[in-house]
Amino acid sequence: MREIFAGLPWWVKWVAVPVIALAVFGGLITTVVGFVIWVLFKALIFVALVGGLIYIVRKFMSNSSSRSDW
């Protein structure tokens, strides 16, 4: 592989090849990045909902235990 790129100008190695790679695999890269962001967003929503549920249950349990003391 190095022998193939050895005789080429710098702009072919550092500009043309990455641009061609982005043109060919751009849709795939966009799909993968979008999927990762979607999964992270869903995980964040899950953590927020579980945290809110735990907060509400603990609040309810502490209120009900203080009422039983009366």
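Q: Which cut-offs decide what buried, exposed and partly exposed mean?
A: Here we go by relative accessible area, worked out with a 1.4 Å probe and protein chains only. Over 50% is exposed and in between is partly exposed, while buried means under 20%.

Q: What kind of model is this?
A: Residues are numbered from 1 along each chain as its sequence is written, and side-chain values use heavy atoms, with hydrogens and water left out. Local features need pLDDT of at least 70, side-chain atom pairs count only at pLDDT 80 or more, totals for chains, interfaces and linings use all residues, and the model itself is predicted.

Q: Is Gly 51 buried, partly exposed or exposed?
A: Gly 51 sits in helix H2, which covers residues 10-68; helices are DSSP runs (H or I, at least four residues), numbered from the N terminus. Its relative accessibility is 36%, so Gly 51 counts as partly exposed.

Q: Is Val 19 buried or exposed?
A: Val 19 also has its place in helix H2. With 51% relative accessibility, Val 19 counts as exposed.

Q: How far apart in space are Val 19 and Trp 38, C-alpha to C-alpha?
A: Along the sequence, 19 residues separate Val 19 and Trp 38. In space, C-alpha to C-alpha, the gap is 26 Å.

Q: How far apart in space are Gly 51 and Ser 64, C-alpha to C-alpha?
A: In sequence, Gly 51 and Ser 64 are 13 residues apart. From C-alpha to C-alpha, their distance in space is 20 Å.

Q: What percentage of the protein's residues count as buried?
A: The C-alpha atoms fill a box of roughly 90 × 20 × 15 Å along the principal axes. Of the 70 residues, the buried share is 3%.

Methods:
Helix = DSSP H or I, 4+ residues; strand = E, 2+ residues; numbered from the N terminus.
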